[in-house]
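Then follow one of them into a cavity.

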Amino acid sequence: MPLTRSKSLPATENGESDREKLQSGRSVAGILYKWTNYGKGWRSRWFLLRDGILSYSKIRRPENVNMLSPSDDVRLIGDISTDRLSRMKSCSGRSRRKHHKTIGIVHLKQVSSYRESKSDHRKFYIFTATKTLHLRTDSRSDRAAWLQALASTGGIVPLQSLSGDFSFVSPKDLSISTDRLKRRLLEEGMNESLVKECEQIVDSEFSEVQEQIKLLHEERTKLLDALRQLEMANLEAEASGIHDNAYQLTNHNYSSLRRGKYSECSTSASSDDKQEFEDISEEDEASFHDTKESFGEPDVGSVHTHFKRRTKLPDPAEKERGVSLWSMIKDNVGKDLTRVCLPVYFNEPISSLQKCFEDMEYSHLLDQAYAFGKSGNSLLRALNVAAFAVSGYASTEGRHCKPFNPLLGETYEADFPDKGIRFFSEKVSHHPTVIACHCEGKGWKFWGDTNLRSKFWGRSIQLEPVGILTLEFDDGEIFQWSKVTTTIYNILLGKLYCDHHGTMQIRGNRQYSCMLKFKEQSILDRNPHQVNGFVEDVTGKKAATVFGKWNDSLYYLAPGEGLNKEGASLLWKARKPQPNITRYNLTSFAITLNELTPGLEEKLPPTDSRLRPDQRHLENGEYEKANEEKQRLERRQRMSRQIQESGWRPRWFEPQGESQSYKYTGDYWEARDKRSWDDCPNIFGEFTEEMADCA
């Protein structure tokens with residue numbers, strides 16, 4: 001009698017079904033659905049788990065699958081798998097069995113792990129050092145069976161969270177009693193003074209042991225913290241759907257791992273719901289064997305989420321139109337620039353909040369300053385701080401457009417793990433316009449607030465910054481300074497250019513301070529952008545001479561030597577201009593500031609500058625939309641003074657008495673981790689007069 005398609009296998013002569021017989025086998029096999037690419041989606045594959053090796057093959061014709069012989073000692077998972085095996089047995093006498101080529105091999109006994117999906121009860125993932133397999137079963141019970149089979153394989157472990165409590169015995173909780181020793185010694189007839197001496201010896205030895213345990217406790221705590229940070233980095237990568245070429249472990253060589261093929265080569269868990277994979281052909285699938293020997297121990301402290309940030313702005317969608325500059329300026333001579341409504345064509349696609357972060361482009365100078373001070377070289381620390389203060393002006397070369405004036409309460413965050421810094425800024429006052437910022441780096445913190453006073457003078461625009469910038473190192477050393485005046489010349493006629501001029505005093509609270517003079521450029525000046533100064537100690541004695549150009553480099557010499565680069569030491573050198581020149585003349589670093597990297601948008605508060613519509617339209621070259629949105633938001637901006645006078649307070653900074661300075665409250669990144677933005681209004685949305693009255 002021919003075998004028909006059924007949900008169970010026929011019984012054998014002794015009454016035992018083939019399914020029960022197969023379930024006692026040591027190997028596991030079955031059909032799983034494997035994600036391949038967007039074009040072909042999920043494809044069925046024949047998987048076999050045997051001796052710690054998971055292999056899979058293509059199924060050309062599902063009705064003719066013939067992967068095992070009836071005598072193979074294999075446990076099958078899934079009704080579809082057993083049905084196909086039944087058909088295979090019924091056809092084994094009539095056709096010769098065809099061997100299918102194995103296209104993938106995973107050595108599970110090496111470094112590997114697995115995890116079930118949180119959003120789909122049929123999906124699970126297998127992670128190795130070189131790839132991630134995205135698999136799906138037909139039911140929850142089939143997935144449980146496969147996970148049980150994986151768990152029984154030595155060497156592979158389920159991914160578990162480190163968020164649980166890990167209790168360690170604190171050295172303070174350790175104690176020792178010498179009462180028994182004291183009684184025993186007294187019983188032996190020893191006098192009190194000798195017994196007391198013995199107790200002191202025991203206490204002294206125990207103190208040394210306790211100190212060693214304390215060091216081990218601290219090292220273990222640091223290791224656990226590092227592992228938690230590593231886990232968070234992987235979870236953030238998973239949540240944001242990072243592609244393989246945007247996330248990597250440092251100190252590894254991935255040159256031979258076909259980095260572009262994400263569906264087969266991924267070093268991080270992918271999102272449960274967002275299947276963001278690179279397109280890969282079915283024929284491109286390859287066998288992946290054990291690579292344990294080619295992977296060294298990773299340096300936990302150096303693991304970061306690396307984005308491949310963009311190198312150019314989007315191509316403009318529209319052709320740019322010319323604007324009559326004189327018609328815009330003639331009625332605004334002598335007025336505050338921040339209160340003049342200019343069309344969007346005069347803006348660059350970043351805000352003043354993001355412009356503040358541009359000053360952190362050369363933050364490695366502060367890392368160097370921290371290291372020099374820690375090693376005892378306070379002079380080089382002061383010199384590197386001076387170089388950092390000058391480096392922030394390098395990006396202004398050739399920048400003729402003004403940044404967007406932020407709305408009241410507008411914010412901007414910048415998390416750059418590769419630079420080791422986290423930056424945050426907020427517009428805390430509309431009249432006067434004040435922007436506050438806070439940045440944390442490796443061993444230092446930087447903060448400040450700036451009130452930028454600006455005036456039109458017909459042929460030029462003068463920008464006068466008011467405010468103090470503060471840099472504090474972990475060892476307590478503090479430096480403070482204010483920015484110099486910036487003037488943009490030839491607004492009406494001639495070549496437009498900007499210049500920075502004035503005196504910058506960098507005051508330190510310990511041994512050294514610095515004085516820098518930005519020379520104002522004259523009409524016939526053939527050597528512009530000059531900066532000269534010196535570092536002096538607390539007695540007023542000069543310790544070093546500093547010279548260079550704010551758009552190029554800075555050097556230092558011993559006092560009394562001539563200003564000659566040949567005998568000088570380089571402190572800082574500006575990076576070369578990026579090749580993709582636009583009319584905005586943004587640096588390579590500035591081009592990344594308004595970028596919405598993968599997974600970032602859902603983490604941001606509704607007040608972040610990246611979500612500002614007019615700025616986004618301008619970046620995309622949609623000039624008409626940008627102008628319309630700018631006019632709409634400026635109508636809202638005009639209500640800001642009323643809102644501020646009605647008792648509005650900044651969300652992330654608080655005013656410090658009558659000094660008109662602001663202090664960071666310290667809870668932004670904690671709120672970001674929780675996505676707690678309930679008290680952050682949608683400042684870029686629609687805004688009516690009635691809403692203004694309510695505010």
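The structure holds 26 salt bridges, each a side-chain nitrogen of Lys or Arg within 4 Å of a carboxyl oxygen of Asp or Glu. This is a predicted model: local features need pLDDT of at least 70, side-chain atom pairs count only at pLDDT 80 or more, and totals for chains, interfaces and linings use all residues. Residues are numbered from 1 along each chain as its sequence is written, and side-chain values use heavy atoms, with hydrogens and water left out.

One of the bridges joins Asp359 and Lys483, at 2.5 Å from N to O. Asp359 sits in the loop between α7 and α8, and Lys483 in the loop between β18 and β19, so the pair ties together parts 124 residues apart in sequence (helices, H or I, of at least four residues and strands, E, of at least two are DSSP runs, numbered from the N terminus). Asp359 is buried, at 16% relative accessible area. Lys483 is partly exposed, at 29% (buried is under 20%, exposed over 50%, partly exposed in between, with a 1.4 Å probe and protein chains only).

Glu410 pairs with Arg612, their closest N and O atoms 3.3 Å apart. This pair links parts 202 residues apart in sequence. Glu410 is buried at 0%, and Arg612 is buried at 3%.

Elsewhere, Glu348, Lys355, Glu358 and Arg399 form a network of salt bridges.

Now return to the first pair. Asp359 and Lys483 are among the residues that line the largest cavity, along with Phe388, Trp481 and Met504 (a cavity is a set of points on a 1 Å grid over the protein atoms alone where a 1.4 Å probe fits but cannot get out; lining residues have an atom within 4 Å of a point).

Definitions and conventions
On a 1 Å grid over the protein atoms alone, a cavity is a set of points where a 1.4 Å probe fits but cannot get out, and a pocket is an open set with protein on both sides within 12 Å along at least five of seven lines; lining residues have an atom within 4 Å of a point.
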